[in-house]
Amino acid sequence: MSEPALRVSGLEVAYGGVAAVRGLSLEVAESEIVGLIGPNGAGKSTTLHAIMGLVPARGGDIALAGESIRGRAPESIARSGVALVPEGRRLFGELTVRENLELGFAAARGRDELAFVYDLFPVLRDFGKRQAGTLSGGQQQQLAIARALVARPSVLLLDEPSLGLAPTIVDLVFATLEAIRVRGLAILLVEQRAQRTVALADRTHVLANGELRLTLTRDDAADTDRMIAAYLS
Amino acid sequence: MSDFLRTAVELQVQADAIGLGAIFALMAVGIGLVFGVLRLVNFAYGQLIMAGGFALAFASERGWPVAVGIALCLVVVLALSLAMERVVFRPLRGQSPAVMLTATFAVAFLLQSIALIWFGPLGKTAVSLAQLNRPVSVGDVEIRKITIVAIVTAAVCLALLVLLLNRTSIGLHMRAAAMDFSTARLVGVRASLVSAVAVLLSGILAAVVAVLLTVQFPTVTPTYALRETILVLAGVVVGGMTRLVSATLGGFAIGYVSGVLAAALPSGQSQYLPSFVFGLVILVLLLRPGGVFTRGAGTVERV
């Protein structure tokens, strides 16, 4: 069997002396969505940051299709095919929508084209010349996802993409993830909306205190007791 | 007082002041570019110009053609800029502004001391382009050729820079890095490339300034361009450090004001020029700490 698009094995991350992620292992294969849920401070964002090279891993390994990327700089990891849609979006508010998208080309490994993200998010074509900072929250989230996608990554990391968005936009974000997975993307989704994540993802890991506590499947989405127990365990 | 005003509005004085402002604007861009990307105030910028000046003097004393002198100046300044970036700026990236400022102070005085050992306190003379100090008649006004050359050169350099920043992908990467370096890296912008390009462009501008400045002040000493650098740094801070446009306008403004004051102050009082200029700087900073040419009250970020 070939190596998964993303494999995290025995990941250890600490801030100062405090362990934030302990011995975490997970895999995301092509065309797979894996959810990561858990209470605040469980280490979900830290895991994404460690994969992206924004915080150093103290132990364990992170590999793309079998090749280790641990210890590399963020721009090098981005150029190897990992894209992060960060929490709070972190767009360049003073640059135009189009310039933000063109920045996504910085890590692109192939043809520079925007047509497919315009198909996913038509509003970005219409507002191409606007400053990104003037868009609504939902439009900014679409731009943040599109900026990650123009790089044509093999692994897409999303950090709470539905945070603070109106319900219709949340629907759009989840529908988009469903639509782009068939392109062969490996998607690792960190979310607060546990039930929706469990329903969407192929499997969902519950993280607490930096450790993987439990793995849920789609069938568990309806099982409220199991979800609550997962959080309280 | 009326003499002062009459002199100040004379066209020759105005032309010379604009010419000096243009040179200062180029220096401000050179300092502002590096500050934007690296968040580092390069106090050693004047020593780059000084090194370029010595390169021009070296060529001039040997009677080499003007083009060779300018090429040597460019090579020396660029080599020195890239060495500074590699040895000092890049390893210190992300350190506190105080650490980086102190480091560039050290570089500045190191280069100055080396120049003192190599060339002595009296320095050398660069005269290859001295004929540019001759005037030409524009209408009934006599303007020195160097003034026109300085204004045109500055305009061309700034226009090219604007094109580079706004029309190329490396320009977009530099603008993004200046706004938010860590997010820029996250989307794949190469940190070492953008900082090297910023330093390189800043070095090219320093070489251009060295050529323009040595025409007007041909005696190159180890402290060459030091006073100008301090004035430009003041202008950049007064204009607004965080934006290239406001920093450039600040540089131009302080050059222009110095030019007018230098001509209009009675000859016996020209030693008061720095006091006037810096008194004005303090006053402006008290009124608009975020910069004169920035929008709103504008606080200085990340400094």
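**Exercise 1. Find how many bridges join strand E1 of chain A to E2(A), and how the two strands run.**

Solution. Start with E1(A), residues 6–15. 7 bridges join E1(A) to E2(A), and the two run antiparallel. Strands (E, at least two residues) and helices (H or I, at least four) are DSSP runs, numbered from the N terminus. Now pick one residue: Leu11(A) has Leu24(A) in E2(A) as its bridge partner.

This is a predicted model: local features need pLDDT of at least 70, side-chain atom pairs count only at pLDDT 80 or more, and totals for chains, interfaces and linings use all residues. Residues are numbered from 1 along each chain as its sequence is written, while chains are lettered from A and ligands numbered from 1 in the order in which they are written.

**Exercise 2. Work out which strands stand at the edges of the sheet in chain A.**

Solution. Write the order: E2-E1-E4-E5, an open sheet of 4 strands with antiparallel pairing. Strands pair if DSSP finds at least two bridges between them. E2 (18–28) and E5 (67–68) of chain A each have a single partner strand, so one side of each lacks a neighbour in the sheet. These two are the edge strands.

**Exercise 3. Describe the side of chain B that touches chain A.**

Solution. Count first: chain B gives 15 residues to the contact and chain A gives 20. Contact means C-beta atoms, placed from the backbone, within 7 Å. Next, the elements of chain B giving two or more residues are helix H7 (169–179) and helix H8 (181–186). H7(B) gives the most, with 6 residues.

Definitions and conventions:
Two residues are in contact if their C-beta atoms, placed from the backbone, lie within 7 Å.
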